Amino acid sequence: MIRIAAAGDVHASEPARERIVEAFARVQDEADIILLAGDQTTTGEHAGKGEQVAEILREGNVNVLEGETIVCDLNDIEVGVVGTKGFVGGFPGSALADFGEPALRQLYAETSAEVDALARGLVEISFCALRIVLLHYSPTADTLLGEPEGIWTYLGCDRLAAPIAEYRPDVVLHGHAHAGSFEGAIGPVPVYNVAVHVTGRDFYVFELGPHEVEVETPV
Ligand SMILES: [Mn+2]
């Protein structure tokens with residue numbers, strides 16, 4: 001079994017520095033791998049500094065996955081992670097179509113590129129005993145329950161679910177939906193919204209073994 005510590009939407013800021021430093025120090029002993037599902041800082045992306053934030057993380061030996069994969073050997077288990085942000089587009093009933101003005105079609109194409117990256121990554125790690133998908137946006141409406149339905153289109157896209165249903169990774173983790181729900185599924189694949197606002201803790205730590213996930217639902 002490997003122990004995974006997952007957190008989305010940490011939204012690090014100066015006032016939260018001490019708490020976050022302590023949480024990262026503590027979790028070192030509790031997990032074999034730490035997975036962060038985006039929104040690491042409060043305003044990095046909105047301030048147009050996403051690339052600088054990524055560079056600082058890389059300098060700290062953090063693997064930043066932008067449509068990429070990483071394979072690591074943990075406790076003699078080959079673990080593959082596909083990481084990509086995912087994007088907007090919505091779910092049946094309110095889905096954006098590949099139609100209309102160029103700006104709208106560009107948005108649709110950006111989600112298509114994310115879906116392609118996800119599919120490519122799942123092929124790349126297909127030999128791994130454990131396969132994890134790490135997204136920011138949600139691939140299912142299950143974990144959006146609790147969010148106003150009017151904004152679901154901007155919280156994720158069910159087109160991201162297609163490669164997940166096809167390649168069946170062991171687990172999918174995402175964030176972004178601060179008021180969403182913890183647990184969902186795409187066919188037999190468990191999906192967890194690990195946004196700290198949802199899990200109610202700095203990190204959600206769970207064990208994963210080949211072909212089994214043991215997750216205790218937060219109360
Ligand atoms: Mn967020």
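In the predicted model, the largest nonpolar core comprises 51 residues, of which A6, L134, V172 and L173 touch the most other members. Such a core is a set of buried Ala, Val, Leu, Ile, Met, Phe, Trp, Tyr and Cys residues joined through C-beta atoms within 7 Å. A residue is termed buried if 20 or more other C-beta atoms lie within 10 Å of its own, exposed if 12 or fewer, and partly exposed in between, with C-beta atoms placed from the backbone. Strand β1 (residues 2–7) gives the most to this core, namely five residues. Strands (E, at least two residues) are DSSP runs, numbered from the N terminus.

Leaving aside residues up to four places away in sequence, A6 touches L35, A37, L173, V194, F203 and Y204. Contact here requires C-beta atoms, placed from the backbone, within 7 Å.

β1 pairs with β9 in the antiparallel sense over five bridges, where pairing requires that DSSP find at least two bridges. A5 stands opposite V205 in β9. In a regular strand, side chains alternate between the two faces of the sheet. The covered face of β9 (residues 204–209) carries Y204, F206 and L208, and the uncovered face carries V205, E207 and G209.

The loop between β3 (68–74) and β4 (77–83) contains N75, and D76 lies in the loop between β3 and β4. Phi is positive, near 50°, in N75 and positive, near 65°, in D76; neither residue is glycine. N75 is exposed, with 10 other C-beta atoms within 10 Å, and D76 counts as exposed with 7 C-beta neighbours inside 10 Å.

Residues are numbered from 1 along each chain as its sequence is written. As the model is predicted, local features need pLDDT of at least 70 and side-chain atom pairs count only at pLDDT 80 or more, while totals for chains, interfaces and linings use all residues.

Key
Helices (H or I, at least four residues) and strands (E, at least two) are DSSP runs, numbered from the N terminus. Two residues are in contact if their C-beta atoms, placed from the backbone, lie within 7 Å.
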